[in-house]
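Take a walk through this protein, one feature after another. Keep the sequence and the 3D view side by side.

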Amino acid sequence: MHALTLVLTAALVLILAYRFYGAFIAAKVLAFDGERTTPAHRFNDGKDYVPTNKWVVFGHHFAAIAGAGPLVGPVLAAQFGYLPGFLWILIGAVLAGAVHDMVILFASVRHDGKSLSDIARAEVGPVTGFATGIAILLIILIAMAGLGIVVVNALFQNAWGVYTVGMTIPIAIFIGLYMHKWRPGKIGEASLIGTALIMLAVITGPYIKNSGFASWFIFSENALKILLPTYGFLAAALPVWLLLAPRDYLSSYLKIGTILALALGIIIVNPEIHMPATTKFVAGGGPIIPGKVWPFVFITIACGAISGFHALISSGTTPKMINNEKDIQLVGFGSMLVEAFVGVMALIAATVLLPGDYFAINTKPEVFAKLGMQIVNLPELSRLVGEEVAGRPGGAVSLAVGMAYIFSSIPGLKHLMAYWYQFAIMFEALFILTTIDAGTRVARYILQDFARVKNPNAPWNVIITSAIVSFAWGYLIYGGEIKTIWPIFGVSNQLLATLALAIGTTIILKKSGKISYALITFVPMVFLAITTINAGLTTMINVYLPKGMYLNTGLSILMISLAAVILLDSFRRWFQIIKTGERSSLLQ
């Protein structure tokens, strides 16, 4: 099997899905109204509610949702072979993830940009609204910690990576001022300048690494675990146009451009997929993911197929920026499909490595020693990238090595492998940080909604709530590691997607009154509920309790209980809507 087969298959499936399935939902099921005034116009305050060009919103939304999930999840799931992850990414993204994102974005736009818990309270009932609010607060804190720990593992003691990623912050602020204050409407100019400055930061990285300034950018794991929440606080507290939106927008160019370059590299090199279609670990007992392929591939690959975290962005920052309802298909459905393609690229980058090299990177040395596998190219790869890459679990390093291997296989580029590796590290960190900044801001909105803050935009309210959420997920990341945070992140994230699909089913019933239309969210909701609850219970019984991980156990029990309450209340509401023919005036 060669990688080109997977690339072409994925591209065709995703393009056709957007053209036909996405257009059907937009035109028939949700019936977008281009003449309707959006909340961005009605409540324009220059801070959170800002009418924004659809491509800038697309860039922000894609950058915000495309965090570690589509990069790390497929890499970790490669333990099962390339086929389970590939099928779940495509099927899940088309039939579940893109639908989930677009329906929730539409619902939030119609509800004045309010959060998922507020939508649940208005459309389902107070019980579901309250339970959803608690679930969201828990999940977003776990998600931020889970995503942040991946950045820490990739950037600690890495001056080149820290410098390049850090430079994107002042560049974003400069571009934000350029687009909002100095040259309003000149998006093309700002895009060219911002992209050029980011590429300059990439090019100058090795010079910084080898200069006297290198010590300024070398941080320990604990230092990075403090700096990341600090950045999250700034992104949540500052006006959206100043840091978050321009940084996400510029990052989207780099992200999409890198993925397209990787796809082109795969087309040119057409590397062989060395990982088999399925491995012996599909039956369980794997060194990276201990469970069986079902249900664990479905919680390991979250953001690349479907992710509850996306519902927070679709009912958080993005609906407050939508200029026209007609933009929702591009932003909601389209962003998810692009993210699925990212997931496929990450899966390919991991599976072109020889199995022994892949497992040597993604497991601790003492664990790898028990697998009976042979390292083949890893010493040479470490020499070429200038870093010792063995024994660095978490997925980020193996993805960077795989990407660097593909790029350096293009004729004439092998001597640049260290550049490609550091570029890939920066590429991954940007993915994750753009989710962290948007996620922290969304958490601030949710906390303010939940606490019924009367004047949420008052400076002290913004500062205090931003500080609370940043400290909370920072506390989790400071005492955690990838093997303790990622499993509970996967379960809680997919449970939130289940709840969002349940709320989406209510939205469609109250919008259209057609049970057949409601099946587009109901069917994936049922599958995801069964799968995720099974994974959560299995992990508690086989991992958390035997290891005395009582906090993880308690959080898992609480999340499953909240999901049960919301699903039961939603079923009750659906029968009521079907029986009475109730409609929502906001949705019509």
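A pocket is an open set of points on a 1 Å grid over the protein atoms alone, with protein on both sides within 12 Å along at least five of seven lines; its lining residues have an atom within 4 Å of a point. The second largest pocket is lined by 22 residues. Nearest its centre lie Tyr 49, Lys 114, Asp 118, Asp 449 and Pro 456. The volume of this pocket is about 460 Å³, taken as the space filled by probe spheres set on the points, which are joined across faces, edges and corners; the probe is 1.4 Å.

The model is predicted; local features need pLDDT of at least 70, side-chain atom pairs count only at pLDDT 80 or more, and totals for chains, interfaces and linings use all residues. Residues are numbered from 1 along each chain as its sequence is written, and side-chain values use heavy atoms, with hydrogens and water left out.

Which helix gives the most to the lining of the second largest pocket? It is α19, with four residues. Helices here are DSSP runs (H or I, at least four residues), numbered from the N terminus. Both α6 (116-123) and α19 (417-450) supply at least two lining residues each.

Asp 48 pairs with Arg 444, and their closest N and O atoms are 3.8 Å apart. The structure holds nine salt bridges.

Confidence deserves a check here. pLDDT is the predictor's confidence in each residue, from 0 to 100. The chain has a mean of 85, and 97% of its residues reach 70 or more. Confidence is lowest in α19, at a mean of 76, and highest in α5, at 96. Where pLDDT is low, the predicted coordinates should not be read in detail.

Two backbone features remain. Asp 112 has a positive phi of about 65° although it is not a glycine; its place is the loop between α5 and α6. A cis peptide bond, with omega about 15°, joins Trp 294 and Pro 295. Pro 295 belongs to helix α12 (residues 293-300).

Note on methods: Salt bridge = Lys/Arg side-chain N within 4 Å of Asp/Glu carboxyl O.
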